[in-house]
Amino acid sequence: MIQHCKICDAPEAPKFLSNFRPYSDVDWTFPVYECHQCGVRFALRDPLVNYHEILHSTAGGGYESHYRIAERVKHYLAHGALNKCEQYLLMKAGYKYSELTKFIKTKSKVVSILEVGCSTGFVTAFLRSIGYGIEGIDISESAINYAKSTFGPFYCLQPKKKQYDIVIHLGLIGCVDDPKEFLTGYLDLLKPNGEMFFNAPNVESPKQLGELWVSTPPPDLIYLFNEKSFQYMLNNSFDVSCVKVSAKGEVIWKHVKKIMNKDYNGYPKIFRQNQQVYDGKRILIKRMFSRIAMVNAYAIYPFLKKYDNEYGIFVTIKRK
Ligand SMILES: [Zn+2]
């Protein structure tokens with residue numbers, strides 16, 4: 001079947017790169033394409049498989065950690081330990097939350113905010129606790145029910161019929177079937193001069209590393225972007241600004257774990273990542289190298305710095 005780029009509508013069909021089989025214990029294959037015009041990479045999901053249900057319903061599935069994080073956040077908030085709560089979130093995904101809180105803290109507390117894809121609601125709950133009027137939505141009914149019973153009535157499956165000063169989403173745009181439709185739909189919820197803030201996986205990262213994909217494989221993540229992608233998807237009633245953030249320590253650890261031939265993301269946890277079989281000698285050399293790499297992690301940092309992390313693009317879209 002001839003594919004077409006949903007990001008830039010290029011007249012030329014995207015180039016087929018490879019069939020990606022990220023797991024060794026399930027027979028899931030995702031064809032990966034790259035657009036000649038905009039450079040975006042995308043993976044195709046099988047429309048007949050209900051991946052979403054499998055990921056959500058399996059013990060140890062990819063979204064289980066969201067419940068654990070929410071329980072910790074609930075504990076901190078119940079004790080009024082706001083600083084500890086912030087530190088905990090930063091520890092969990094430093095670059096994501098630090099960019100988000102940096103952005104939010106420049107805003108007045110009277111703004112209305114919507115978090116799209118809030119999952120178990122912990123980011124919304126934390127931002128409410130520091131004084132922001134924020135609501136969360138998510139397509140998962142079980143996540144929304146949990147968020148409501150844990151943090152209060154600030155969560156819904158669908159957005160309310162109102163407009164917001166700010167719309168945020170983290171780790172979401174690469175997971176939706178049609179990023180352009182997703183973006184334009186939620187930008188419609190912005191008031192004039194309203195802003196959308198989010199992060200996006202950076203296609204330049206695997207390109208620089210000579211790899212097919214970033215560490216989060218399909219079926220969860222199916223789109224990788226670059227800085228131009230967002231201009232292609234929007235008309236000129238929006239201003240787009242992109243900031244690339246290098247995730248420092250996290251990049252090092254990913255590489256070290258990869259050298260150790262372990263899942264360097266391990267997500268979704270229910271399925272083992274496809275691993276090559278190495279002979280004993282090679283494993284030994286790898287182990288030795290990984291020990292050396294761990295000790296010298298900070299020494300090798302300058303060499304890794306040139307690689308953009310997959311979460312490297314933070315995007316702000318402002319409605320004119
Ligand atoms: Zn394109």
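## Exercise 1: The chain as a whole

Describe the contacts, burial and secondary structure of the protein chain.

Solution. Begin with the contacts: among those in the protein chain with a separation of 6 or more, 68% join residues 24 or more positions apart. Bear in mind that this is a predicted model. Next, look at burial: of the 320 residues in the protein chain, 32% are buried. Finally, the secondary structure comprises eleven helices and eleven strands.

## Exercise 2: A pair of helices

How do the axes of helix α2 and helix α4 cross, and which residues meet?

Solution. 
- Step one: locate helix α2 at residues 64-78 and helix α4 at residues 122-129; their axes come within 9 Å and cross at roughly 15°.
- Step two: angles under 35 degrees count as roughly parallel, and α2 and α4 are therefore roughly parallel to each other.
- Step three: the crossing of α2 past α4 is left-handed.
- Step four: on the α2 side, Ile69, Ala70, Val73 and Leu77 make the contact, and they meet Phe122, Ala125, Phe126 and Ser129 of α4. Sorted by type, the residues of this contact are seven nonpolar, one polar and no charged.

## Exercise 3: Into the core

Which residues have the most contacts inside the largest nonpolar core, and what does Val40 touch?

Solution. The largest nonpolar core has 60 residues, and those with the most contacts inside it are Val40, Phe126, Val167, Ile168, Met196 and Phe198. Phe126 also belongs to the α4 side of the contact with α2. Now set aside the neighbours of Val40 within four places in sequence: Val40 is then in contact with residues including Cys5, Ile7, Cys35 and Val203, as well as Tyr223, Leu224 and Phe225. Asn226 and Ser229 are also among its contacts. As background, nonpolar side chains in soluble globular proteins tend to be buried together.

## Exercise 4: Backbone details

Where do Asp9, Asn193 and Pro219 lie, and what are the backbone angles there?

Solution. 
- Asp9 is in the segment before β1 (15-20). Its phi is near 55°, a positive value in a residue other than glycine. With 13 other C-beta atoms within 10 Å, Asp9 is partly exposed.
- Asn193 sits in strand β8 (residues 190-200). Though not a glycine, Asn193 has a positive phi of about 70°. Asn193 counts as exposed because it has 9 C-beta neighbours inside 10 Å, and the cut-off for exposed is 12 or fewer.
- Pro219 lies in the loop between α7 (204-209) and β9 (223-224). The peptide bond from Pro218 to Pro219 is cis, with omega near 10°.

How values were computed: Residues are numbered from 1 along each chain as its sequence is written. This is a predicted model: local features need pLDDT of at least 70, side-chain atom pairs count only at pLDDT 80 or more; totals for chains, interfaces and linings use all residues. Axes are lines fitted to C-alpha atoms, for helices over the stretch in contact, and angles run from 0 to 180 degrees between N-to-C directions. Helices (H or I, at least four residues) and strands (E, at least two) are DSSP runs, numbered from the N terminus. Angles under 35 degrees count as roughly parallel, over 145 as roughly antiparallel, 65 to 115 as roughly perpendicular and the rest as oblique. A crossing is left-handed if the near helix is turned anticlockwise from the far one by less than a right angle, and right-handed if clockwise. Two residues are in contact if their C-beta atoms, placed from the backbone, lie within 7 Å. Ala, Val, Leu, Ile, Met, Phe, Trp, Tyr, Cys and Pro count as nonpolar, Asp, Glu, Lys and Arg as charged, and the others, Gly among them, as polar. A nonpolar core is a set of buried Ala, Val, Leu, Ile, Met, Phe, Trp, Tyr and Cys residues joined through C-beta atoms within 7 Å. A residue is buried if 20 or more other C-beta atoms lie within 10 Å of its own, exposed if 12 or fewer, and partly exposed in between; C-beta atoms are placed from the backbone.
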